[in-house]
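This briefing concerns one protein model.

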Amino acid sequence: MKNHLLIFIFLFGLVVSLYYLLYLRYLDYGMHSDDWISLVRYKALEEDFLTKVQIFWKRHGPVVTSQILYMGLLESLFG
């Protein structure tokens, strides 16, 4: 049982390390200019969250609305 746990911990560490190294390249890019425009539009609305959902849903549809709200929520939580 102890061998299985050690193998699991080793493989888990290996997978996390590899994902981090592979994803590190993409973290350098940051947000695209279109993302900043969407974030500014989100912040410009002085409405509550549900009203923002309705406004963006009417303007942009469900796919773009989810992206804008995700960025807005992350910005609200982490500044």
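Within the protein, the highest confidence falls in helix α1 (residues 2-27), with a mean of 86, and the lowest in helix α2 (residues 33-44), with a mean of 76. The model is predicted, and the mean pLDDT of the protein is 80. The protein has four helices and zero strands.

**Confidence**
- A pLDDT of 70 or more is reached by 86% of the residues in the protein.

**Fold and contacts**
- Read from the N terminus, the order of elements in the protein is α-α-α-α.
- Of the contacts in the protein with a separation of 6 or more, 44% are between residues 24 or more positions apart.

- The protein contains 79 residues, of which 15% are buried.
- K52 lies in helix α3 (residues 49-60).
- K52 counts as buried because its relative accessibility is 10%, and the cut-off for buried is under 20%.

**Surface**
- The protein exposes about 7000 Å², and 68% of this area is supplied by carbon and sulfur atoms.
- A nonpolar patch on the surface is formed by I7, F10, L11, L14, L18, Y20, L21 and L24, which together have about 800 Å² of accessible area.
- L18, one of the patch residues, is located in helix α1.
- L18 counts as partly exposed because its relative accessibility is 44%, a value between the limits of 20% for buried and 50% for exposed.

Definitions and conventions. Residues numbered from 1 in each chain as written. Predicted model: local features only at pLDDT ≥ 70, side-chain atom pairs only at ≥ 80, totals over all residues. Heavy atoms only, no water. pLDDT = per-residue confidence, 0-100. Helix = DSSP H or I, 4+ residues; strand = E, 2+ residues; numbered from the N terminus. Patch = residues over 30% accessible without salt bridge, like charges linked within 9 Å, V, L, I, M, F, W, Y side chains within 5 Å. Areas by Shrake-Rupley, 256 points an atom, 1.4 Å probe, with all protein chains shown as cover. Salt bridge = Lys/Arg side-chain N within 4 Å of Asp/Glu carboxyl O. Buried < 20%, exposed > 50% of the residue type's maximum accessible area, 1.4 Å probe, protein only. Contact = heavy atoms within 4.5 Å.
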